[in-house]
Amino acid sequence: MDYFRSVNINNMADSMKKFGAQTATFFSRAKQYTEEQLGTSEKTVFDARFESLVEKADRTKYWTERLLRQTEALLQPNPGMRAEEFVYEKLDKPKPPRLTESETLGQSMIEAGNDFGPGTNYGSALVKCGEAEKKIGQAGRELKDKSMTNFLHQLKTFLEGDMKTIARERRTLLAKRLDLDACKTKVRKAQSPEKIQQAEADLRVCQAEFDRQYEVTKLLLDGISTAHANHHRALMNFVEAQAQYYAQCHSYMTELQKQLASPPGDATIPLAPPSASLPIDSSRSLDPNTVPRPALTRKAKVLYDYDAADKNELSLLADEVITVYSAPGLDSDWMIGERGSQRGKVPLTYLELLN
């Protein structure tokens, strides 16, 4: 027990000595820095090239951080989503798959088009637009992935690696410079030969440590030019990914315009519904529900809205597609129309037969 107690006491004593030395060093540096700010003490001045390298490093850090933030905002405009991606990145967990804004819009368009009827002009256009929007969303996802891998990753690696190392070594260099200048002050103020000799010995040690740290920091600062070259290559990759994305979007939209330019049957649609009264149906008493459905039927697109005149007729909506067929005893200007479970007579002049 006595042995362990003595070991603990010695460890505590060593810790106290280290703490005391660190505290003395801290106050010495703080005193030197304060005196320099007040102009009562001189400080070592770095050469012009070193200061130029420091200024270049600071500008590089500032603009790299700004370019990183704004590129992330371009690729993901939603700040909430960016924060979510940041959390998943820090947790090193895969982010759950999520539709892009274009994919979400495209899916809604397709659902709306199917609900309105893919056989109608509007419904068909919605479905086609939705498919194009989903393709654009997928292309945008590819752009984001390529940009993150080939561009943003380079910027983040630089900021979290090289720049943090440079910042740490610059702080160390500042501490060594303050120690050096504090030693110079002690040499100037020393009176007795013993104190002068001790101060000069401390000065030589501080000078050597400062020179060594200066060379390390300068070497790291020189590497900024290499970082610029790496960022330039990454930027070219980003431009290439954007060019590919916009080319895909242009191709999708051009094809969509072609699809929407001349929908089938539009050239035969009159500008207005027939103004003349409908031909008199000589078979008004015919009940469509009693007419047997033939094996061969046709599809027809409704050109105009039509309100049924009686229970034997079928009301129509413009642009919808229905099934039609003729029936024995039915006037030639009329046909039997079906929409799901609904059946009724429909005027031929309101229809465009498709097949």
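Biologist: Which element of the chain has the lowest mean pLDDT, and which the highest?

Modeller: Among the elements, helix H1 (residues 2-38) has the lowest, 64, while helix H2 (residues 48-75) has the highest, 95. That score is the predictor's confidence in each residue, from 0 to 100. This is a predicted model, where local features need pLDDT of at least 70 and side-chain atom pairs count only at pLDDT 80 or more, while totals for chains, interfaces and linings use all residues. Residues are numbered from 1 along each chain as its sequence is written, and side-chain values use heavy atoms, with hydrogens and water left out.

Biologist: What is the mean pLDDT of the chain?

Modeller: The mean is 84, and 80% of the residues reach 70 or more. Over residues 264-271, though, pLDDT stays under 50. Where pLDDT is low, the predicted coordinates should not be read in detail.

Biologist: How many helices and strands does the chain have?

Modeller: Seven helices and five strands. Going from the N terminus, the order is α-α-α-α-α-α-α-β-β-β-β-β.

Biologist: Why is H5 called roughly antiparallel to H7?

Modeller: H5 (residues 121-189) and H7 (residues 224-261) pack at about 175°, with axes 9 Å apart. Angles under 35 degrees count as roughly parallel, over 145 as roughly antiparallel, 65 to 115 as roughly perpendicular, and the rest as oblique. The angle of about 175° therefore makes the pair roughly antiparallel. The axes are lines fitted to C-alpha atoms, for helices over the stretch in contact, and angles run from 0 to 180 degrees between N-to-C directions.

Biologist: What classes of residue are in the contact of H5 with H7?

Modeller: There are 23 nonpolar, 10 polar and four charged residues. Here Ala, Val, Leu, Ile, Met, Phe, Trp, Tyr, Cys and Pro are nonpolar, Asp, Glu, Lys and Arg are charged, and the others, Gly among them, are polar.

Biologist: Why does Ser 147 get called buried?

Modeller: Buried means under 20% relative accessible area, exposed over 50%, and partly exposed in between (1.4 Å probe, protein chains only). Ser 147 has 1%, so it is buried. This residue of H5 is in contact with Leu 75, Leu 152 and Phe 238, leaving aside neighbours within four places in sequence. Contact means heavy atoms within 4.5 Å. Phe 238 is itself one of the buried residues of H7, and what covers those includes H2, H5 and H6.

Biologist: What makes Leu 178 count as buried?

Modeller: Its relative accessibility is 7%, so it counts as buried.

Biologist: Why is Gly 113 called buried?

Modeller: A relative accessible area of 0% makes Gly 113 buried. This residue of helix H4 (residues 101-116) touches Pro 118, Gly 123, Leu 126 and Val 127, not counting residues up to four places away.

Definitions and conventions: Helix = DSSP H or I, 4+ residues; strand = E, 2+ residues; numbered from the N terminus.
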